[in-house]
Amino acid sequence: MIVNLALGIVTLSVLLVAYRVLRGPSWGDRIMAFDFLSVNLVVLFALIAVKTRLLVTLDAALVLSLLGFLSTVALTRYLLVGRVMR
């Protein structure tokens, strides 16, 4: 029952943060919301893994966390410097 409640709360959080990513007032707000969205999706995958007892979703959560971190760093660097790589 608690896992189902947590799934509902995290799903609602994902929807609200996705709205902020799309409608953020500035690029900095959108990048921060995107980072929070990736964290929420990792938590959602972990909760799904607990509920279904499938370890494959934990692998997907790990890959998603790495991609979320790297994309946040790349977007921030592009916003500050104007390019991602030298």
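The structure is a predicted model, in which local features need pLDDT of at least 70 and side-chain atom pairs count only at pLDDT 80 or more, while totals for chains, interfaces and linings use all residues. Residues are numbered from 1 along each chain as its sequence is written, and side-chain values use heavy atoms, with hydrogens and water left out.

The chain contains three helices and zero strands, where helices (H or I, at least four residues) and strands (E, at least two) are DSSP runs numbered from the N terminus, and the pattern along the sequence is α-α-α. Its C-alpha atoms fill a box of roughly 45 × 25 × 10 Å along the principal axes. Of the 86 residues in the chain, 22% are buried, a term that stands for under 20% relative accessible area, with exposed meaning over 50% and partly exposed lying in between (1.4 Å probe, protein chains only). Among contacts with a separation of 6 or more, 48% join residues 24 or more positions apart, contact being defined as heavy atoms within 4.5 Å.

Helices α1 and α2 pack at an angle of about 160 degrees, and their axes are 9 Å apart; the axes are lines fitted to C-alpha atoms, for helices over the stretch in contact, and angles run from 0 to 180 degrees between N-to-C directions. The two helices are therefore roughly antiparallel, since angles over 145 degrees are classed in this way, whereas those under 35 count as roughly parallel, 65 to 115 as roughly perpendicular and the rest as oblique.

The largest nonpolar core comprises eight residues, namely L7, V10, V14, V17, A33, L37, L44 and L47, and the elements that give two or more residues to this core are α1 (2-23) and α2. Such a core is a set of buried Ala, Val, Leu, Ile, Met, Phe, Trp, Tyr and Cys residues joined through side-chain atoms within 4.5 Å. When residues up to four places away in sequence are not counted, L44 touches L7, V10 and T11.

Residue S38 is placed in helix α2 (residues 27-52) and is counted as buried because its relative accessibility is 9%. Apart from neighbours within four places in sequence, S38 is in contact with L64 and G68. R53, by contrast, lies in the loop between α2 and α3 (56-81) and is exposed, with a relative accessible area of 74%. The phi of R53 is near 60 degrees, a positive value in a residue other than glycine, although most residues other than glycine have a negative phi.
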